[in-house]
Amino acid sequence: MLLEVSNINTFYDVFQAVFNVSLTVDTGEVVCLLGRNGAGKTTTLSSIMGLNSPRSGSIKFKEREIAGNKPFQIARTGIRMVPENRLIFSDLTVRENLELGCRNKSGKYRSEKIDKILDLFPRLEGLQYRAAGDLSGGEQQMVTIGRSLMGDPELLLLDELSVGLAPIVIELFKRQIGRLREEKITILLTEQNVLFALDISDRAYVIDKGTIVYEGNVEQLRENKRLMSEFLGV
Ligand code: ATP
């Protein structure tokens, strides 16, 4: 198992947001964590990334315990997170934003990597030298994902990728996630857009009030009308 989260409990000060959450992600899988607003999706990803370490429980990545480690240490082990708020550097060009994803490598290595990113997101090719702040939301999202991919992650954490994006851009992302999957990049993503998530994932977890209430493959979840309406509002 690439990632094995077991019984984590995560707090904001005295407020507990995640209760005994367990989940696994195998190499090459695309797994989604679904739930309504405030269900605990972002907190779960932040726990894995070390941004808000769990107070108890275990997180193993490639069989090694990473719970409690600092985000930069966790990034070094091969995990990258694309946060919901995108965090691009508006004044830097698209290319400079991408370069930040692997600063300690040679210029040649970086430019080969950038070529791969531009191949994945052809839309960015003509925008390379534009300030990233001038891009649309969807294009900025491509830059953030691209920057994460520059570090060659073994596991990519995508937080609410589709939020605020136009339906046509969401369709585009479906295809691009499909390509990442062909390249065997393992992904754990959170979504409120359930139908989008089910289209791109192999397996799903549903979280409600900080607790996992369902785990299974996407076909089973699609057919589970009660669960879809009760916890996901579909
Ligand atoms: P969203 O789609 O809104 O991001 P989510 O499922 O990702 O929802 P979380 O952001 O993980 O949910 O929030 C889980 C719970 O933790 C919520 O009750 C939320 O109010 C609370 N929470 C989140 N961030 C903080 C914070 N920085 N300080 C205090 N409480 C927080």
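How many residues of domain 1 are in contact with how many residues of domain 2? Contact is found between 14 residues of domain 1 and 13 residues of domain 2, where contact means heavy atoms within 4.5 Å.

## Basis of the model

This is a predicted model, in which local features need pLDDT of at least 70, side-chain atom pairs count only at pLDDT 80 or more, and totals for chains, interfaces and linings use all residues. Residues are numbered from 1 along each chain as its sequence is written, and side-chain values use heavy atoms, with hydrogens and water left out.

## Domains

The chain is assigned domain 1 (1–78 + 155–234) and domain 2 (86–152); such bounds come from an automatic or database domain assignment. Their C-alpha centres are 24 Å apart.

## Largest pocket

The largest pocket lies between domain 1 and domain 2, because both give residues to its lining. A pocket is an open set of points on a 1 Å grid over the protein atoms alone, where a 1.4 Å probe fits, with protein on both sides within 12 Å along at least five of seven lines; lining residues have an atom within 4 Å of a point.

The space in the largest pocket is about 840 Å³, a volume being the space filled by probe spheres set on the points, which are joined across faces, edges and corners. Its lining has 27 residues, of which Ala75, Arg80, Leu100, Gly101 and Arg147 are the closest to the centre.

## Charge over a ring

Arg55 places its charged end over the ring of Phe11, 4.0 Å from the ring centre. The rule requires NZ of Lys or CZ of Arg within 6 Å of the ring centre and within 35 degrees of the ring normal.
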